[in-house]
Amino acid sequence: MEIPIALIDALRHAKHIAVLTGAGVSAESGVPTFRDAQTGLWAKFNPQELATREAFARNPKMVWEWYAYRRELIARVEPNAGHYALAEMEQRAKNFTLITQNIDGLHERAGSKNIIELHGNIFRTKCFREDTRVSAWLATDEIPPRCPRCGSYMRPDVVWFGENLPRRALDQALRAAETCDVFFSIGTSGVVEPAASLPFNALRSGAMVIEVNPEETPLSDSATFCLRGAAGVALTQVIKALNSRL
Ligand code: BJW
């Protein structure tokens, strides 16, 4: 894959690099992308219809079990070359912000430090009624387990459709998009707001915007460069080009 020289130049001189990642970054680790998350047992369900408060209120056991299945799958996989390349890019950068829509914690496991989790984390649990984090509860056969404080059901600490993103995380992401000089949008279909608007905010603020995705997205026509390929391959090439003396 050809990496544009202008991109490597911009990365070398950047004061602030911001990166938005989506499910495609974890695909090479074996985590199905969000819109492909219907394998096996779950093939007959639409993830877009499971990731809502309404779905949980209607059928808490089914939604809890869908997340338990995904949590177990994620716990068994490892970060891939794309995650490691981003951790390396952060080490080389003056200022680096990694904004992720992923709930799988793989960026942290790969060594990334300055991470903003826009859509929460599947390994945390919170109370459905009170919205407070719960880290320990008595063993029970009940599914989902109950909040030890109020007795309501517990749920994964992720952001469902129709819910607000964590305020601080969103503010930090907006600030990073508006102040960076290079912005990467990697492995995201770019259809879920407000994350989908971040690369456009960066463009409006004058940043170079690079898309990394094997498929076209609503960002493709506006991006400064599109690297058409898998994140692990493309980002490894970017690091290789950065490391070369030319
Ligand atoms: C590779 C690859 C490889 C494959 N390498 N790439 C404004 C306008 C219209 C609608 C709205 C709006 N503002 C809000 C909304 C409503 C809604 C929304 O955006 N709906 C759209 C679907 C239309 N947004 C919300 O509800 C958000 N809340 C909000 O804004 O609150 C205020 C508000 C509420 C209501 C109305 C108005 C305002 C919350 C969004 C929460 C999203 N939550 C989820 C679930 C998290 C938990 C879970 O995982 O179960 O987050 S949904 C799901 O989508 C998940 C993802 O993080 C997110 C994005 O998906 P992503 O990462 O892009 O994955 P995919 O699968 O879509 O794409 C994968 C890509 O990878 C593809 O492009 C592949 O080609 C590529 N790929 N292999 C690189 N190897």
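A polar contact is a pair of N or O atoms within 3.5 Å; within protein, one atom must be able to donate a hydrogen and the other to accept it, and residues adjacent in sequence count only if both atoms are side-chain atoms. The structure shown above is a predicted model, in which local features need pLDDT of at least 70 and side-chain atom pairs count only at pLDDT 80 or more, while totals for chains, interfaces and linings use all residues. Residues are numbered from 1 along each chain as its sequence is written, and side-chain values use heavy atoms, with hydrogens and water left out.

For Gly187, a polar backbone atom is 3.2 Å from an oxygen atom of the ligand. Of the 1,500 Å² of accessible area that the ligand has on its own, the protein covers 75% (areas come from the Shrake-Rupley method with a 1.4 Å probe).

Around the ligand there are 35 residues, of which Arg35, Tyr67, Gly162, Ser189 and Glu193 come nearest; a residue counts as near if one of its heavy atoms lies within 4 Å of the molecule. This shell is made up of 17 nonpolar, 12 polar and 6 charged residues, where Ala, Val, Leu, Ile, Met, Phe, Trp, Tyr, Cys and Pro count as nonpolar, Asp, Glu, Lys and Arg as charged, and the others, Gly among them, as polar. The helices α2 (24-27) and α5 (60-75) each supply at least two residues of the shell, and α5 gives the most, with 3 residues. Helices (H or I, at least four residues) and strands (E, at least two) are DSSP runs, numbered from the N terminus.

The space taken by the ligand is the largest pocket, a pocket being, on a 1 Å grid over the protein atoms alone, an open set of points with protein on both sides within 12 Å along at least five of seven lines, whereas in a cavity a 1.4 Å probe fits but cannot get out, and lining residues have an atom within 4 Å of a point. A molecule sits in such a space if more than half of its atoms lie within 2 Å of its grid points. The largest pocket has a volume of about 930 Å³, and its lining of 50 residues has Ala23, Thr33, Phe34, Arg35 and Asn102 nearest the centre. The largest share of this lining, 5 residues, comes from α5.

The second largest pocket holds about 340 Å³ of space, and among its 18 lining residues Gly120, Arg124, Arg133, Asp157 and Pro166 lie nearest its centre. Its lining divides into 7 nonpolar, 3 polar and 8 charged residues. The largest cavity, with a volume of about 70 Å³, is lined by residues including Leu20, Thr188, Ser189 and Phe200.

Some features of the backbone complete the picture. A cis peptide bond joins Glu193 and Pro194, with omega about 0°, and Pro194 has its place in the loop between β7 (182-186) and α9 (198-204). The peptide bond from Ile143 to Pro144 is also cis, with omega near -10°. Asp131, although not a glycine, has a positive phi of about 65°.

Key
Points joined across faces, edges and corners; volume = space filled by probe spheres on them.
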